[in-house]
Amino acid sequence: MTTLITGARGKVAQAVIQRLHSAGTRVRAASARPADLTVPAGVETAALALDRPETFGAALTGVRSVFLYPEPAGIHELVKAAEAAGVEHVVLLSSASVLAPGAETDPLASHSLRVERALAGAGFTVTLLRPDAFATNALGWAYPIGRDLPVRLAHPEATLAPIHPADIADIAVRALTGDGGSLAGRALTLTGPEQLTFREQLAVVSDAIGRAVPVEPITRERAAEEMAAHMPAAMAGSLLDLWAAATVTPVAVADTTETLLGAPARTFRQWARENAHAFRAPGR
């Protein structure tokens, strides 16, 4: 049985590939640019662009399970192609944002929600992984931290429960393989094991790098302007809305590797220590 990993250049997908391959599972890593992939020896690669249905057939040949990144463009064609290929199970890397009020029109949430809805009537089992904040989002602070600049935040007290990407990968592998109790067919909201404000996350990063990281509160309007330099304005607004809500109502700890797999959940502190190098300026 072959497991197809889409978006195979992503960090979570790469970790899933490594785990499945080490366990002896036949893996096919798929990307719109397969020549750019770095995979273990023995892992197949395939060209698959989720917005180009003409790439689906060959990539899905002989596949029985799929780890899927959410892409609404082409999703209905992908469902049909997967059914025709005999796919039995799809594990979708969705988002907890689909559970929020107004998800249908939210630029971030609607992206994943459209994929979830397209999969709902499919002729195969679907597992929905809905992680909340990723620990890796903290890398957005790497530029100012590496240059000894303050981190400018509109909502420094927004309380999230960031999840280590390795935990997502562990849960995805269990869902794909069913080892030790299947997660197949479930919708799982995933978090890390603890609630942390942005200010507290930055304190953890400070400990990891051995120096203080100052926080500079700014207005929402100023934050929106700065974020719009790196992403569409609508997406920036969506993120700011999410953080404003998390300031009033902290994100609760939900399912973790502890509750789902019986394994201790990795902490944000662990992630920060592993990635302390990312917060240093080039040449330091």
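Which residues do ring pairs link into a cluster? They are Trp 141, Phe 198 and Trp 243. Keep in mind that this is a predicted model. With that said, let us look at the aromatic rings and then at one helix.

**Aromatic pairs**

The structure holds five aromatic pairs. A pair of aromatic rings is described by the distance of the centres and the angle of the planes. Two of the pairs are set out here:

| Ring pair | Distance of centres | Angle of planes | Class |
|---|---|---|---|
| Phe 67 and Tyr 69 | 5.8 Å | 85 degrees | edge-to-face |
| Trp 271 and Phe 279 | 6.2 Å | 85 degrees | edge-to-face |

Planes over 60 degrees apart count as edge-to-face, so Phe 67 and Tyr 69, with their planes at 85 degrees, fall into that class. The planes of Trp 271 and Phe 279 are also at 85 degrees, so this pair is edge-to-face as well.

**Helix α3**

Helix α3 spans residues 75-85, and its buried residues include Ile 75, Leu 78, Val 79 and Ala 82. Viewed down the helix axis, the buried residues of α3 fall within an arc of 100 degrees, so they line one face of the helix. His 76, Lys 80 and Ala 84 lie on the other side of α3, where they are exposed.

What covers the buried residues of α3? The cover includes α2 (56-60), β4 (63-68) and α4 (109-120). Just after α3 comes Gly 86, which takes a positive phi of about 85 degrees.

Terms used:
Residues numbered from 1 in each chain as written. Predicted model: local features only at pLDDT ≥ 70, side-chain atom pairs only at ≥ 80, totals over all residues. Heavy atoms only, no water. Buried < 20%, exposed > 50% of the residue type's maximum accessible area, 1.4 Å probe, protein only. Helix = DSSP H or I, 4+ residues; strand = E, 2+ residues; numbered from the N terminus. Arc of directions from axis to C-beta. Contact = heavy atoms within 4.5 Å. Phe/Tyr/Trp six-rings, centres within 6.5 Å; stacked < 30°, edge-to-face > 60°.
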